[in-house]
Amino acid sequence: MIISISDKEFERLVTYVHDNYGIDLSRKRVMIEGRLGNVLEKRGFKDYSSFLDMIFADKTGTEVVNLMTRLTTNHTYFLREPEHYDFMRNVFLPEMKQKKKDKTIYLWSAGCSSGEEPYTNAIEMAEFFGSEARQWDTKLLATDISLKVLAKAQQAVYHRESMKNLSPEVVKKYFTPLDNECFQVNQEIRKQVVFKVFNLMDEIPYRKHPFDMIFCRNVMIYFDAQTKVDLVNRFYDVLAPGGYLFIGHAESIPRDATGYKYIKPAIYQKPF
Ligand SMILES: C[S@@+](CC[C@H](N)C(=O)[O-])C[C@H]1O[C@@H](n2cnc3c(N)ncnc32)[C@H](O)[C@@H]1O
């Protein structure tokens, strides 16, 4: 029998997740019961109160991370939202080529899930620069709160299903087939991406170099308006003047609440 969550327990969980992760689960009761019910049962908890007590008492933080892994949606794939990559190829990278005399590019994939997004970004840059790629120092930071997805990202092994948007030429050039179904991203691309655990509600520690582009796509879907504004304003502080922010096409940034210039759907720029 599935264990149901009481109003009080639901409120406690929703408040905790909102205050600590900015995610609004207030309309996700069925999802919560669906995703956590069998965990409670397997681990022998009779109700959500004792389960939550255990999670909040765990000083290592592992239990909270596991909880968040279950409650967040990690769905992603290569070359998602191709309009962003058209912009990258036709506008962003030509701009970089022209203006970056030191030949460095810093990208951040914030909420990178299992790595398809930052690896797509690295592949796009390799394709754009071609034989000049070695002269460029392209650094990609990729962060997520879920350790589980980051472990998968680091392995860089993907099912062909998530690679459907990639051309056969790109697959041949940047992946090694492991069997008929699975491919591993080649070392040359993997070594450019640094994966780290980071909760987007925390102060951004990555301040050594401003970012030329930040991807935060399909992450803020459950964030409330204020959390979203706070986050995109913190991104603003670590973007280079003229740098871009990409958000998911299903997401939006409230007008007038930030200094960004709207460029086109899901693309914003920090003015020079
Ligand atoms: C649907 S995936 C998006 C992946 C990729 N950006 C894309 O568009 O395909 C959303 C990711 O955001 C992460 N996430 C959600 N809330 C977060 C937070 N507060 N801090 C960091 N990552 C978060 C989830 O763990 C999940 O992997």
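Q: What should I know before we start?
A: The model is predicted: local features need pLDDT of at least 70, side-chain atom pairs count only at pLDDT 80 or more, and totals for chains, interfaces and linings use all residues. Residues are numbered from 1 along each chain as its sequence is written.

Q: OK. Which domains does the protein have?
A: The assignment gives domain 1 (7-71) and domain 2 (82-269). Such bounds come from an automatic or database domain assignment.

Q: How far apart are the C-alpha centres of domain 1 and domain 2?
A: They lie 29 Å apart.

Q: And how many residues are in contact across the two?
A: 9 residues of domain 1 are in contact with 11 residues of domain 2. Contact means that the C-beta atoms of two residues, placed from the backbone, lie within 7 Å.

Q: Which elements supply the side of domain 1 that touches domain 2?
A: α1 (7-21) and α4 (62-71) each supply at least two residues of that side. The largest share, 3 residues, comes from α4. Helices (H or I, at least four residues) and strands (E, at least two) are DSSP runs, numbered from the N terminus.

Q: How do the residues of that side divide?
A: Into 5 nonpolar, 3 polar and 1 charged. Ala, Val, Leu, Ile, Met, Phe, Trp, Tyr, Cys and Pro count as nonpolar, Asp, Glu, Lys and Arg as charged, and the others, Gly among them, as polar.

Q: On to the ligand. Where does it lie?
A: Between domain 1 (7-71) and domain 2 (82-269), because both give residues to the shell around it.

Q: Which residues come nearest to the ligand?
A: Of the 24 residues around the ligand, those are Thr76, Gly111, Ser113, Leu200 and Arg217. A residue is near a molecule or strand if its C-beta atom, placed from the backbone, lies within 6 Å of it.

Q: How does the shell divide?
A: There are 8 nonpolar, 12 polar and 4 charged residues around the ligand.

Q: New topic: helix α10. Which of its residues are buried?
A: Lys228, Leu231, Val232 and Phe235. They cover an arc of only 95° around the axis, which puts them on the same side of α10. The arc is that of the directions from the helix axis to the C-beta atoms.

Q: What counts as buried?
A: A residue is buried if 20 or more other C-beta atoms lie within 10 Å of its own, exposed if 12 or fewer, and partly exposed in between, with C-beta atoms placed from the backbone.

Q: What covers the buried residues of α10?
A: The cover includes β7 (211-216) and β8 (239-247). The face turned away from the buried side carries the exposed residues Gln226 and Asp237.

Q: What about helix α6, where does it run and what should it span?
A: Helix α6 has 14 residues, 116-129, and should span 20 Å at 1.5 Å a residue. Its end C-alpha atoms are 20 Å apart, which agrees. The expected span is 1.5 Å times one less than the number of residues.

Q: How many residues of α6 are buried?
A: 10 of the 14, so α6 is largely enclosed by the rest of the structure. Among them are Tyr119, Ile123 and Met125.

Q: What comes just after α6?
A: Glycine 130, with a positive phi of about 50°.

Q: Last one: where is arginine 160?
A: In the loop between β3 (157-159) and α8 (168-174). Arginine 160 counts as partly exposed, with 14 C-beta neighbours inside 10 Å. Leaving aside its neighbours within four places in sequence, arginine 160 is in contact with Glu181 and Phe183.
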